[in-house]
Amino acid sequence: MKSTDVLMAGFGGQGMLLAGKLLAAAAMAEGLEVSWLPSYGPEMRGGTANVIVCVSDEPIGSPLITSHRGLVVMNLPSLEKFGPRVVPGGVIVVNTALIDREYEREDCVVVRVDARRIAIDAEADRAQNLVMLGAYLGATETIVPYEAVEEAICKTFSGRKARFAPASITALRRGIAEGRRAVLPVG
Amino acid sequence: MSKVLMKGNEALGEAAVRAGCVHFFGYPITPQTEVPEYLVKRLREVGGTFVQAESEVASINMVMGAAGMGVRCMTSSSSPGISLMAEGMSYIAACELPCVVINMMRAGPGLGGILPAQSDYFQATRGHGHGDYQVIVLAPSSVQEAVDLTTLAFELSEKYRNPAMVCADGMIGQMMEPVEFPEEGAATPMPENDWSLGARDGRERRIVNSLYLSPEDLHRHNLKLKAKYDEIAANETRQEIYGTDDGYDVLVVAFGTMARICKTAIDEVRAEGLRVALFRPITLNPYPFGALRDAMDAIEGDGPVLDIEMSMGQMLYDVKLAAEGSRRIEFYGTAGGVVPSPDEVAEKIRGLMQGVQ
């Protein structure tokens with residue numbers, strides 16, 4: 001059985017739910033089973049928002065997972081809350097633009113990404129979520145191909161939003177490069 | 001048709017449209033508001049009617065009116081809103097009108113909270129209004145099953161002229177999964193009947209009524225309803241059994257989302273060599289007593305049954321009824337929107353197994 005899961009978390013408005021949706025849509029297009037479970041609850045403006053995406057080539061059991069193989073975090077509260085829940089061997093993608101603290105997990109791959117800088121360089125400052133998603137894809141032997149995620153971006157940003165697609169894909173690709181670099185063997 | 005990625009609430013709305021539902025009456029409440037939000041746009045496209053009522057009391061009575069006219073209709077709400085519909089549901093059942101009610105359960109009692117729960121089991125399965133009546137209750141454990149059971153709910157409600165409820169928890173409503181729908185326009189319209197109201201055109205007068213002042217007449221009416229509920233119980237129970245291939249020492253019983261969480265936990269402990277199976281009722285009413293009893297009788301030795309719910313123990317009563325004292329029944333439950341994790345369930349199973357071996 002091939003399967004993976006990732007929790008994506010940040011402040012409301014940082015696009016983690018959308019990033020998760022793009023991953024889920026890409027996996028579905030590849031014929032895989034998928035679930036997208038958002039946190040929902042009484043939240044205040046600027047509060048936390050997160051989503052758990054499960055992908056598998058078999059029907060998904062529990063969509064709710066409390067120990068994660070992947071974690072993508074935009075902000076410090078999310079890292080502090082969910083960081084300890086990542087299983088050994090997992091991948092943690094940290095947004096250094098908002099998290100200036102060093103985060104050590106010797107048993108995990110920690111990918112540090114300055115999502116804001118990379119997104120601005122890609123002329124897609126609103127696509128910081130896609131930089132993060134890209135970094136996750138680049139750092140994991142994920143079962144969802146990059147091309148499928150790009151395809152999902154094109155489908156989601158259609159019509160009046162189509163003008164956002166090219167820069168979004170650039171942001172995703174730069175994120176992928178960051179993720180790949182992080183898992184390259186040293187030397 | 002290919003699969004689409006959709007939120008449970010929206011998928012339920014689309015499933016209703018595909019089933020030929022043309023009238024919706026409802027009132028917003030978390031975590032089901034996406035159902036009316038979706039249908040307000042969608043019903044217009046198919047020439048249907050959407051009414052946001054002034055309350056849940058009004059919604060269910062509008063449903064009663066539409067159902068009495070022989071129109072395929074539904075409402076949806078979440079726990080406190082469903083409570084307000086109790087009186088209307090009793091009237092609709094008494095008048096033998098078909099309709100579908102969705103309950104996207106949230107945590108109670110009282111105003112409670114907006115997170116998922118399964119604590120409306122009593123309310124759903126015991127006919128939450130007054131009098132001797134029952135509602136057909138279907139409990140999906142995935143977005144696809146929510147779609148399939150919504151279709152089935154319309155079928156059964158019309159077949160038996162009785163309200164049918166799709167009883168899910170907030171997680172099903174908020175989650176996105178790939179779904180496939182029946183073809184659009186494939187639903188058959190409501191067939192001609194001899195009970196619904198409308199222009200008489202010379203035919204005999206019809207009355208939709210639940211008032212019987214003669215005790216004998218009301219007694220007969222109750223006997224008729226009872227015969228119908230017995231027929232439903234004999235023909236419409238549905239369940240899923242999981243992990244029974246090589247025998248089992250413990251049987252877990254759970255429904256809806258909780259059953260999925262239990263499946264993952266069962267996979268985990270089976271990998272450790274523990275022999276555990278799952279029984280998942282799909283119809284909560286009629287309850288699959290016979291099938292559950294068979295599954296209990298197939299437990300090897302005197303192994304226990306573990307009932308797990310997001311409530312303080314409601315389906316537990318039916319599990320005990322099925323066992324009739326023949327098995328030890330253990331219970332684990334959470335409330336308030338706290339959802340047990342697979343790891344937590346696996347730990348409960350391991351604890352039980354220590355006593356078994």
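Me: Before the helix pairs, what are the axes fitted to, and between which directions do the angles run?
Reply: Axes are lines fitted to C-alpha atoms, for helices over the stretch in contact, and angles run from 0 to 180 degrees between N-to-C directions. Keep in mind that this is a predicted model.

Me: OK. At what angle do α1(A) and α4 of chain A pack?
Reply: At about 45 degrees, with 9 Å between the axes of α1(A) and helix α4 (residues 128-139) of chain A.

Me: Parallel or oblique, then?
Reply: Oblique. Roughly parallel needs an angle under 35 degrees, and roughly perpendicular starts at 65, so α1(A) and α4(A) are oblique to each other. Their crossing is right-handed.

Me: Which residues meet there?
Reply: From α1(A), A:Met16, A:Leu18, A:Ala19, A:Leu22 and A:Leu23; from α4(A), A:Asn129, A:Leu130, A:Met132 and A:Leu133. By class, this contact has 8 nonpolar residues, 1 polar and no charged ones.

Me: Switching to the chain contact. How many residues of chain A and chain B are in contact?
Reply: Chain A puts in 18 residues and chain B 20. On the chain A side, α1 (16-29) and β2 (33-38) are the elements that give two or more residues. β2(A) gives the most, with 5 residues.

Me: And how does the chain A side divide by class?
Reply: Into 11 nonpolar, 6 polar and 1 charged.

Me: Now chain B. Which domains is it divided into?
Reply: Domain 1 covers 4-235 and domain 2 covers 239-356. The C-alpha centres of these two domains of chain B lie 29 Å apart.

Me: Sheets next. What is the strand order in the sheet of 7 strands in chain B?
Reply: β3-β2-β4-β5-β7-β6-β12 (chain B), an open sheet with mixed pairing. β3 (49-52) and β12 (283-285) of chain B are the edge strands, pairing on one side only. Neighbouring strands are turned by 20 degrees against each other on average, direction ignored.

Me: In what sense do β2 and β3 of chain B pair?
Reply: In the parallel sense, over 4 bridges, where β2 of chain B is residues 23-26. Within that pairing, B:Phe24 has B:Phe50 of β3(B) as its bridge partner.

Me: Which helices pack on this sheet?
Reply: Among them is α2 (residues 34-45) of chain B, which touches β2, β3, β4 (73-77) and β5 (99-105) of chain B and makes about 140 degrees with the direction of β3(B). Helix α7 (residues 143-160) of chain B also packs on the sheet, touching β5, β6 and β7 of chain B, with its direction at about 165 degrees to that of β7(B).

Me: What about α1(B) and α7(B), how do their axes cross?
Reply: At roughly 30 degrees, with the axes of α1 (residues 8-18) of chain B and α7(B) coming within 9 Å. The two helices are therefore roughly parallel to each other, and the crossing is right-handed.

Me: Which residues make that contact?
Reply: B:Gly8, B:Ala11, B:Leu12, B:Ala15 and B:Ala16 of α1(B), with B:Val143, B:Ala146, B:Val147, B:Thr150 and B:Thr151 of α7(B). By class, the contact of α1(B) with α7(B) has 7 nonpolar, 3 polar and no charged residues.

Me: Other sheet: what order do the 5 strands have?
Reply: β9-β11-β10-β13-β14 (chain B), open, with mixed pairing. β9 (239-242) and β14 (329-333) of chain B each have a single partner strand, so one side of each is left without a neighbour in the sheet.

Key. Residues numbered from 1 in each chain as written. Chains lettered and ligands numbered in written order. Predicted model: local features only at pLDDT ≥ 70, side-chain atom pairs only at ≥ 80, totals over all residues. Domains from an automatic or database assignment. Contact = placed C-beta atoms within 7 Å. Nonpolar A, V, L, I, M, F, W, Y, C, P; charged D, E, K, R; others polar. Parallel < 35°, antiparallel > 145°, perpendicular 65-115°, else oblique. Left-handed = near helix turned anticlockwise from the far one by under 90°. Pairing = 2+ DSSP bridges.
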